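Thank you all for making time this morning. I would like to walk through one model with you, going from a single residue out to the whole chain and back again.

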Amino acid sequence: MGSRGSRDANGLPIVVGISGGSGAIYGVRILQALAELGVERHLVITQPGLATLRYETDYTAEDLKSLATTVHPIRNIGASIASGSFLTRGMIVAPCSVKTLSGVAHCYGDNLLQRAADVTLKEQRPLVLMVRETPLHRGHIRLLDAAAENGATIFPPLPAFYARPTTIDEMVDHSVARVLDLFGLDAGMPRWSGQQTGVVA
């Protein structure tokens, strides 16, 4: 057997999954931000994800795919990202529909996105689910709890207002930057530095 080498996790790719929940722009901006940071990007998108992309944005499927380093067909269970031996830094599902959440919570790899997410968990790598649903009934909450118990990070893309956002893009970019923080990547954003209350201790 040949000599073994090591690979810095900072040089590894990140898998980006886009499912059919509202908020396709989050997946788009994550791919763009990762490209700006020089991170390799593996993309897998569901058919409902593509439909939502067309409905909610001006991006075409080809526009989206051009943002990725590698694009994997949703039914290609033999893809590299379906195996734990393919090294990645982790995976982001943006947005994450309840159907995809259910697959992650129940370890049900019905397509490549769900399989890649399950692989990410079993290899104990970061999996961030930008779940888009509201209001939540108890079934949704149970799924969120099960996915978190399996090791996923639940990250609903909720806007922060302390930076005084004035556009939708600013609110989207803030959530994207917060997600990338979880991977040790600084996308550049206004950060909370404490509130000056004028109270003397």
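This is a predicted model: local features need pLDDT of at least 70, side-chain atom pairs count only at pLDDT 80 or more; totals for chains, interfaces and linings use all residues.

Is Ile14 buried or exposed? Ile14 is buried, with a relative accessible area of 0%, where buried means under 20% relative accessible area, exposed over 50%, and partly exposed in between, computed with a 1.4 Å probe and with protein chains only.

Residues are numbered from 1 along each chain as its sequence is written, and side-chain values use heavy atoms, with hydrogens and water left out.

Ile14 is found in strand S1; helices here are DSSP runs of H or I with at least four residues, strands are runs of E with at least two, and both are numbered from the N terminus. Setting aside neighbours within four places in sequence, Ile14 is in contact, meaning heavy atoms within 4.5 Å, with a list of residues that includes Leu34, His42, Ile92 and Phe183.

Now the whole chain. The protein has 7 helices and 6 strands, and from the N terminus on the elements run β-α-β-α-α-β-β-α-α-β-α-β-α. The radius of gyration is 17 Å, close to the 17 Å that the globule rule gives for 201 residues, so the protein is as compact as a globular protein of that length; the radius is taken over C-alpha atoms, and the rule is 2.2 Å times the number of residues to the power 0.38. Along its principal axes the C-alpha trace spans about 65 × 45 × 35 Å.

Of the 201 residues, 45% count as buried. Among contacts between residues at least 6 apart in sequence, 77% join residues at least 24 apart.

Let me turn to Ser19, which sits in the loop between strand S1 (14-18) and helix H1 (24-36). Ser19 is buried, at a relative accessible area of 2%. Which backbone atoms does the side chain of Ser19 meet? A polar atom of that side chain lies 2.8 Å from the backbone oxygen of Pro95, and the side chain also reaches the backbone nitrogen of Ser97 at 2.8 Å. Not counting residues up to four places away in sequence, Ser19 touches Thr46, Gly49, Val93, Pro95, Cys96, Ser97, Thr100 and Leu113.

After H4 comes Cys107, in the loop between H4 and H5, with a positive phi of about 55° although it is not a glycine. At 47% relative accessibility, Cys107 counts as partly exposed. Gln124, found in the loop between H5 and S5, has a positive phi of about 60° and is likewise not a glycine, and at 73% relative accessibility Gln124 counts as exposed.

I will end within helix H5, which is the place of Val119. At 2% relative accessibility, Val119 counts as buried. Val119 and Ile81 are 38 residues apart in sequence and 8.0 Å apart in space, C-alpha to C-alpha. Leaving out residues up to four places away in sequence, Val119 touches Ile81, Ala82, Ser83 and Gly84.

Conventions:
A polar contact is a pair of N or O atoms within 3.5 Å; within protein, one must be able to donate a hydrogen and the other to accept it, and residues adjacent in sequence count only if both atoms are side-chain atoms.
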